[in-house]
Each structure stands twice: as structure tokens, then as C-alpha cells.
Amino acid sequence: MNIHRTVLQLKKREYITPNYIRLTLTGEDIEPFATCTVGANNKIFIPPQGVSRVNFPPQPVEKEENVEKLAIRRTYTHAGLSLENKEMYMDFVAHGLSGPASRFAMEAPIGAELGVAMKIKESELAPEADFYCLVGDATAIPVIRATLASLPQEAKGAIFLEIPTNEDKQIFHKPEHIQVKWIINPNIGTNTLLAQTAIQYLEETQIEDSKFAFVACEYENVRTLRNYLRKEREWTNKEVSAYSYWKYGIAETKSEKSRREEKASI
Ligand SMILES: Cc1cc2nc3c(=O)[nH]c(=O)nc-3n(C[C@H](O)[C@H](O)[C@H](O)COP(=O)(O)OP(=O)(O)OC[C@H]3O[C@@H](n4cnc5c(N)ncnc54)[C@H](O)[C@@H]3O)c2cc1C
């Protein structure tokens, strides 16, 4: 698998809604990313606080004290690219300063370095189906936006998106018969009605034989929806694509194992 890894510089920060930041990154070496599908995931490498350069891990660490200078790896979504302007775009939930990625999005100075790596390939975001149900929280807005844009105009179904405030709603280009349902939850990660709301809709809706569900949000909602779709409704593995994008109270690299185990559980 061909992976392209490079260091980009922060060019622009834009709050597209109160809790959502679009970063524009720039660099001479973005051309290989043009092959990648918008909506596919990437890895970003954030220099720890007090370090200005990206030191990609793993790499030979000559002195013990350099370990703490290694960049911190996180997973994000390729939100777009302009070859002409040598720009790459990524959308970040601004969830505070405790997460290195969120902190970078909120505070890094213009010109700051960010490492980016992606598999150089085209990806299918959603298979062909007559009925779609896409469920996510704010972390999944970039992939759901790209998925909606890839669906045929006659597609039917609904998307469910959990966001912290009414002002965090975004406008999507979408097929006419896909409904958008926003769930407002100021305590993102707790007291969530996301899975419950999607389940209620699926219980009350006539669903075609050809169907597809995509779920990307906090661990507990993913677990609830995977169990419901796979065990109670007996949707097949190919009809359900579900990923924990993060786990409440736990940093990404520390929750990787449990999120992988949950995915493999059914
Ligand atoms: C395939 C994939 C694609 C993703 N794409 C995107 C994307 O395009 N945009 C995006 O914003 N996120 C995306 N995410 C989610 C993102 O990787 C996580 O939210 C990640 O934990 C953020 O890293 P951090 O350094 O900010 O926080 P971490 O250091 O990982 O976590 C610090 C603390 O913040 C909490 N936390 C983490 N994320 C959130 C959140 N969203 N809201 C509230 N609390 C949180 C953690 O539970 C922990 O307590 C994606 C994840 C995956 C697996």
C-alpha cells in the first residue's frame, strides 16, 4: 500500500460554526493526496506543546529525551484539496484544549507544522443501495457530507447528526429524499439520544431490501447501533459500516484497542 506522508503548514483557520473549525493547510508536496477520495480518513501528526517541528514516529530516537518530542498521531478525514492553491482542508470539532488535535485546531499559530499521512487510493464511501441510514456526531460531518455527495439523486433514507448547539447545523448538498435530522446535545459524549433517535426512525420506517447503514460517532452509540442493526434487525456485515470515532474520557491512542475490539465483536 502506497502511503504518502508529508509536513504541511497551517495557512488559515475558519470557524464554520461555533464549535467547528476548518483548517487550510498548505505545502509543496500535496499533489499525491489528489488521488485520495474526499471523505477517506487520514493520520495527522501534531508536534507536542513546546515543539515546533514534526518528528514522525517511529523514527530513530537518538537520545532518550527526544521521545517526548515525537509528534502525536490522530485520525481525521480528508475534507478537500485545491491543487492550484496547494491547499488541503480538514474540519475539526473544537472540543477543548485537552486533546492535542483539538488544541492544534483552536490555537496553533498560522505557519505551524502538521504532519499528514494518507493511503494513496480511491475509496468507496457507500455501496449502491435503495435505502441509506447515516448516523454520526460532529466528528463524522466530513465523511457524511462526502458520502451524501456521492449518493445517486434517487437515494432514499435519513441522516442523523448529533451536534452541541443549534448554531452548529451545517448545510449539505444531498439527494432530495434523504431527510436530515439534527440532535442537539450540549454534553457531547454523554446523555445522548443519537442511537435511540435513529433506532426509533428505523422501527417506524418501511425499509427496502437493498439497504446500507453508516455509523460513526462516540463508542457507546456505535455499540448500541451495531447491536441493534446486526443482532436485532439481522442486517449483514456488508449492510452495516460502523466505526467508533472516539471514546468519551479517553484519548485516541489509548482507546484504539477497545474501539477495534468493539468493531470485531459482531
Ligand atoms: C476514521 C476517523 C475519522 C475521523 N475524522 C474526524 C474529523 O474529520 N473531524 C473531527 O473533529 N474528528 C474526527 N475524528 C475523531 C477524532 O479522531 C477524535 O475526536 C480524536 O480523539 C481527537 O483527538 P484530540 O487530540 O483532539 O483528543 P484526544 O487526545 O484523543 O482526547 C482528549 C479528550 O477529549 C475527548 N474527545 C475526543 N474527541 C472528542 C470530541 N469530538 N468531542 C468531545 N470530546 C472529545 C476524549 O474522550 C478525551 O477525553 C475521526 C476519527 C476516526 C477514527
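Q: Hey, where does the ligand lie, relative to domain 1 (3-119) and domain 2 (131-263)?
A: Between them, because both domains give residues to the shell around the ligand. The domain bounds come from an automatic or database domain assignment.

Q: Before we go on, what sort of model is this?
A: It's a predicted one: local features need pLDDT of at least 70, side-chain atom pairs count only at pLDDT 80 or more, and totals for chains, interfaces and linings use all residues. Residues are numbered from 1 along each chain as its sequence is written.

Q: OK, back to the ligand. How many residues surround it, and which are the closest?
A: 27 residues surround the ligand, and the closest are T77, G99, S102, T139 and A251. A residue is near a molecule if its C-beta atom, placed from the backbone, lies within 6 Å of it.

Q: Which elements give two or more residues to that shell?
A: Strand 4 (72-77), strand 6 (87-93), helix 1 (100-107) and strand 12 do. Strand 4 gives the most, with four residues. Helices (H or I, at least four residues) and strands (E, at least two) are DSSP runs, numbered from the N terminus.

Q: And how do the shell residues divide into nonpolar, polar and charged?
A: There are 13 nonpolar, 10 polar and four charged. Ala, Val, Leu, Ile, Met, Phe, Trp, Tyr, Cys and Pro count as nonpolar, Asp, Glu, Lys and Arg as charged, and the others, Gly among them, as polar.

Q: Switching topic: how many residues has the largest nonpolar core?
A: It has 65 residues, and L114, Y132, V135, V215 and L225 have the most contacts inside it. Such a core is a set of buried Ala, Val, Leu, Ile, Met, Phe, Trp, Tyr and Cys residues joined through C-beta atoms within 7 Å. Buried means that 20 or more other C-beta atoms lie within 10 Å of a residue's own, exposed 12 or fewer, and partly exposed in between, with C-beta atoms placed from the backbone. Strand 11 gives the most to this core, with six residues.

Q: Which residues does V135 contact, leaving aside neighbours within four places in sequence?
A: F160, L194, A198, V215, C217 and L225.

Q: L225 again! Which residues of helix 4 are buried?
A: Y219, N221, V222, L225, R226, Y228 and L229. What covers them includes strand 8 (131-137), helix 3 (194-204), strand 11 (211-218), strand 12 (240-246) and helix 5 (252-263).

Q: What span should helix 4 have?
A: Its 14 residues (219-232) should span 20 Å, and the end C-alpha atoms are 19 Å apart, which agrees. The expected span is 1.5 Å times one less than the number of residues.

Q: What's phi like just after helix 4?
A: E234 takes a positive phi of about 60 degrees there. Most residues other than glycine have a negative phi.

Q: Is E234 buried or exposed?
A: Exposed, because E234 has 8 C-beta neighbours inside 10 Å.

Definitions and conventions: Contact = placed C-beta atoms within 7 Å.
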